[in-house]
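Subject: Structure handover and findings

Hello,

Here is the structure for you to look over. My notes on helix packing and cavities follow below it.

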Amino acid sequence: MEFYKVTGMSCAACAASVEKAVSSVEGVTSCSVSLLTGSMGVEGGASPEKIIAAVERAGYGATLEKAEKLSVKTDDPLKDTETPALLKRLISSLVFLSALMYFSMGHMLFGWPLPPFFAENHVAMGLLQLILTAIIAVINQRFFTSGVKGLIRGAPNMDTLVALGAAAAFGYGTVILFLMTGAQISGGSEAAGAYMNELYFESAATILTLITLGKTLEARSKGKTTDALKNLMRLTPETACVLRDGKEFTVNAEEIKTGDIFIVRAGENVPADGVVTEGGGSVNEASLTGESIPAEKTADSRVYAGTINLSGYMRCRATHVGGDTTLSRIIKTVSEAAATKAPIAKTADKVSGVFVPAVMAVALITAIIWLIAGRSVGYALARGISVLVISCPCALGLATPVAIMVASGVGAKNGLLFKTAASLEITGRAQIVTLDKTGTVTSGMPEVTDVIPAEGYTENGLLTLAASLEIKSEHPLARAITSRAEARGIKVSEAENFIAVAGGGLKGIIAGNAVCGGNRDFALKEANFPEGFTACAETLANAGKTPLFFTENGKPAGIIAVADAIKDDAKEAVEELKNMGVRVVMLTGDNERTARAIAAEAGIDEVYSGLLPADKERIVRMLKKQGKTIMAGDGINDAPALVSADAGMAIGAGTDVAVDAADIVLVKSRLKDVPAAIRLGRAALKIIRQNLFWAFIYNALLIPLAAGAFVAALGWTMDPAYGAAAMSLSSFCVVTNALRLNFKKINDPRGDRKIKNKTARKAAIKEVSMQKTLVVEGMMCAHCEARVKKALEGVTGVSSATADHVKGIASVTLSAPVPDEVLKSAVEAQDYTVKEIK
């Protein structure tokens, strides 16, 4: 997707016009325009020149945004230049409006003194009002230039409504002034005075000033929606200290290159992503992760641009600079999300596209009806003008994007990156969350959980023996043992005559003693372990742990259990998801026993094990039919499921493939960020619904009121000035409501409410009738049938199974899709052969 900066848009109708113009360009497959940020995202093969030309033909300006534009050290790309300009217009308008009101209303209503010339000359008074109103119109000429251009192009916008309303009032007042002049000439001052109440100059001036007031408030509030993003942009320091040829040089942070050594002292911001090569420090990474507790950095620790070194001295080697830093990618992701549209905004977009022409037609019909009803031209005109100026397409256009921008900023501050507006909406609607096991529910790094020494050995003695043997192995289980020994300060000595037996274990000579370590079958060839040890090993295995047996000189030395332990916050995260009414499912390629043990520890009730990447993707597709589904994973094997899910959620510490395939990135790699993201999505959806309700109900109620629909029944009418005031405040209310998201505590579960998830709940209870038949070779008797039946019914997703040794088949009824390989493995683990699965 390419991104463009669009200028000249003032309301939702403008955004709709740009979107329609670009979508009609050959080669454009999709286009979304954000009124809030003035940006546009375009997909397809059309050239930038054609796209820019289409925008310009629609009457607006466009420039292609450079990829690195949002990675600069200042907040210029999002600098609020609109509010200062509008504030100047507003102050100037108020000055002249005050003078106009003094002459037009002050003297008549409150008896304020006037110079004799104006008090006695009504034409002079009218002429002065015309001049003051004309000055205010010139100050706010943008309404007229933009509005008239839109009208000429056949794409009227909000400025068109304002311009027509103000011009109608000004034009009518001018006509009355001419009639007043004629009356003064023919009938004197008294005849001219009869027309004073018909002058509408103050209405025209008030409309323009109040709309400018509303625009100023709206612009100021819109500026605040990007505060989180601007704060991130300010984090990168302007200068950095680099080490070249042994000397320190101060350079612009943008000049740092990959491989440079830079120095960060206490109190300084890190200028680029890198790795600590010397020294250490305590670094505040709250800007990226939301964590308030500083991270301790030592040699080989990673540091990130924009974080603050609170104490210590560090020399670091730059690994990612400029637009490639983590901070720059976060800024880019949030900015691009603002240029996309959430599905919930589609209705508002459709209405915005026809809103302004419809309002113009209603205003004209209103004026005609009142004229037919016998009312004066001034009365009919006032009703038509009120309809024009009270209608607000901006509130409709801003209802969704302001909430998306604020929510994206809140997410970024807390380490949650939403790549699109749609992903934020889907997260808020999530009914099912599927979790990969390794690296998502678990830490992804095996660690020692139990050390059980044999008679004559201590825990440290067993660890010394095991670590000395395992130190030459690259296996993850070996690293877990050596890490535990290192943590305990145990010194190890390398084994001689080291041998690694594939699928079995390790052998070696340590201090003249023959040492062996590996699985049970491998170790039992070297020594006989007591029954208590083998029973203990079975218990450990049932708990999802891997028991490793060690022997020394043909005697048992003990057992060390290693497991990929669940993350500290996994159980709490799953509990929070359940309390929110979200169904939690775990998918893993691991074996059934380990998967069930991990799931039980984390509190997950639904598990699918022994899955290949294609199996995970197939199950996610099945779950999508039961409700909005999120897939959270971290590995390459999770990428197909991440893409297939309604929204893919990648663990930040995962592979680049997973991160690229996902719609949401959890920077902190915490599982509790999954419910936090859902919490934020729900809050954003709530704000969007409130905004859309307000925008629709505002127009639905006030347009009839402005047209005079309630005059006969209730006697209610609306002055054009009040209509302008209502219009000016409507957009301001929508934007201000969205800003409330800044106060949302997304990590606090106390406000969680369970969603009514009938579809997913019924799907979880109701079995999906699915039959499979396995052709099994080797069954000889009823005992064989029982073994096959038990093995198949132990597979997740199998509700029942039968076996027939005479026919040589086994039939299974599935409550959920189960891969053929899983069924085959279950049977062949009992020493039977599966020839075919039908």
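A word on terms first: an axis here is a line fitted to C-alpha atoms, for helices over the stretch in contact, and angles run from 0 to 180 degrees between N-to-C directions. Please also keep in mind that this is a predicted model.

**H7 and H14**

Start with helix H7, residues 158–187, and helix H14, residues 377–390. Their axes lie 8 Å apart, and the packing angle is about 160°. Angles over 145 degrees count as roughly antiparallel, so H7 and H14 are roughly antiparallel to each other. Their crossing is left-handed. On the H7 side, the contact is made by Leu161, Leu164, Gly165, Ala168, Ala169 and Tyr172. H14 brings Val377, Gly378, Leu381, Ile385, Leu388 and Val389. By class, the residues of this H7–H14 contact are 10 nonpolar, two polar and no charged.

**H14 and H28**

H14 also packs against H28. The axes of H14 and H28 cross at roughly 165° and come within 8 Å. That angle makes H14 roughly antiparallel to H28. This crossing of H14 and H28 is right-handed. From H14, the contact takes in Arg383, Ser386, Val387 and Ile390. From H28, it takes in Tyr698, Asn699, Leu702, Ile703, Ala706 and Ala707. The residues of the H14–H28 contact comprise seven nonpolar, two polar and one charged.

**H16 and H28**

H28 spans residues 673–707, and its other partner here is H16, residues 401–413. The H16 and H28 axes are 9 Å apart, at an angle of about 160°. H16 and H28 are therefore roughly antiparallel as well. H16 passes H28 in a right-handed crossing. Val402, Ala403, Ile404, Ala407, Val410 and Gly411 make the contact from H16. Leu680, Ala684, Ile687, Ile688 and Asn691 make it from H28. Nine of the residues in this H16–H28 contact are nonpolar, two are polar and none is charged.

**Cavities**

Where is empty space left? Rolling a probe the size of a water molecule over the atoms shows this. How many cavities of 30 Å³ or more does a search of the whole structure find? The search finds two. I looked at the second largest cavity, which has a volume of about 40 Å³. Its lining includes Tyr608, Ser609 and Leu611. Val795 and Thr796 also line this second largest cavity, along with Pro817, Val818, Pro819 and Val822. The lining residues of the second largest cavity divide into seven nonpolar, two polar and no charged.

Best wishes

Key
Residues numbered from 1 in each chain as written. Predicted model: local features only at pLDDT ≥ 70, side-chain atom pairs only at ≥ 80, totals over all residues. Heavy atoms only, no water. Helix = DSSP H or I, 4+ residues; strand = E, 2+ residues; numbered from the N terminus. Parallel < 35°, antiparallel > 145°, perpendicular 65-115°, else oblique. Left-handed = near helix turned anticlockwise from the far one by under 90°. Contact = heavy atoms within 4.5 Å. Nonpolar A, V, L, I, M, F, W, Y, C, P; charged D, E, K, R; others polar. 1 Å grid on protein atoms, 1.4 Å probe; cavity = no way out; pocket = protein on both sides within 12 Å on 5 of 7 lines; lining within 4 Å. Points joined across faces, edges and corners; volume = space filled by probe spheres on them.
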